[in-house]
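User: I have a model open and want to check some labels against their cut-offs. Can we go through them one by one?

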Amino acid sequence: MRYEGNIFRPPSEAYSLIVQVTIGCAHNDCTFCSMFKDKVFRVRPVGEVIEDLEGARRSCRSVRRIFLADGDALALSTDKLLAILGRIEELFPEVERVGVYGSPQDVLRKSPEELARLLAAGVGIIYIGAESGSDAVLRDVKKGATAAEIIEAIRKIEDAGIEASVTFISGLAGAAGWEDHAVMTGRMISESQPSYVGLLTLMLDPSAPIYADVQSGRFKLLSPMEVIDETALMIENTDIERDCVFRSNHASNYFSLKGTLPRDKERLLAELGAARGDEGLLKDERFRLL
Ligand code: SF4
């Protein structure tokens, strides 16, 4: 398997075979993100990807899951994705699920029929970075999509029968806009009803464009307790009718939360209440990781 540059994958793909079908991220403009700033986006030739898959087949006895990287593999044309997925099916008949990152715009460019064909060819989950439900925050961080577009994209994924795993970032609005960020993120989760929600906490690498604003004082990071308050307000504003697996147990989080909404909503809020009363329950800054 040939890899170019640093490889990123969602936590739930930790044991997956990772194959780069793109290099970098087509958008690459989000001000908080440093993942692909050193890469110029390009789509790898399908033949090259298939050579890598054939090589992996020779060295891997059993592969349960495959993750197509980099930033937004869903940017590929459906024909190219289907060619890769078809070869995966031939080489790895034991694979249970293929996952991809997809930007909201990538999803909206696909028709329902194209998404159905991707599902039939093995795509079981699409990871989509929503980051916030607030249009003001999305604009400030240059997400390149509005809240309405993100909700439409998540619904489109779920309507096609594919699971949507949606990431949000606590602290992304800083001290100035945390309430709007929390309330509107809760509402976005309610309106889009994804299968999975992952909540990270903002951590910045010096190469992230927003880092300079933190250094200059233009952007004030939330304190750990303010992150707890923001998370509680966000969960309070969720109103979900189906099971939604909620995880806030990433290395960047100050406090670990796991549950299924809506049934665990009160427990999650009670745990946050306990954390609010005991700073010792929060992760020390030194142990947080991106
Ligand atoms: S957050 Fe996602 S869409 Fe934004 S630049 Fe980073 S990889 Fe690209």
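User: Where does Lys142 lie?

Analyst: This is a predicted model. In it, Lys142 sits in the loop between α5 (135-140) and α6 (147-159).

User: Why is Lys142 called partly exposed?

Analyst: Its relative accessible area is 46%. Buried means under 20% and exposed means over 50%, with partly exposed in between. Lys142 at 46% is therefore partly exposed.

User: What is the phi of Lys142?

Analyst: Lys142 has a positive phi of about 60 degrees, although it is not a glycine. Most residues other than glycine have a negative phi.

User: Which strand holds Glu131, and what is its phi?

Analyst: Glu131 belongs to strand β6 (residues 123-131). Its phi is positive too, at about 75 degrees, and Glu131 is not a glycine.

User: What makes Glu131 buried?

Analyst: The relative accessible area of Glu131 is 6%. The cut-off for buried is under 20%, so Glu131 counts as buried.

User: Which residues surround the ligand, and how do they split by class?

Analyst: Among them are Cys25, His27, Asp29, Phe32 and Lys143. The shell has 6 nonpolar, 2 polar and 2 charged residues. Asp and Lys count as charged, so Asp29 and Lys143 fall in that class.

Definitions and conventions: Residues are numbered from 1 along each chain as its sequence is written. This is a predicted model: local features need pLDDT of at least 70, side-chain atom pairs count only at pLDDT 80 or more; totals for chains, interfaces and linings use all residues. Side-chain values use heavy atoms; hydrogens and water are left out. A residue is near a molecule or strand if one of its heavy atoms lies within 4 Å of it. Helices (H or I, at least four residues) and strands (E, at least two) are DSSP runs, numbered from the N terminus. Buried means under 20% relative accessible area, exposed over 50%, partly exposed in between (1.4 Å probe, protein chains only).
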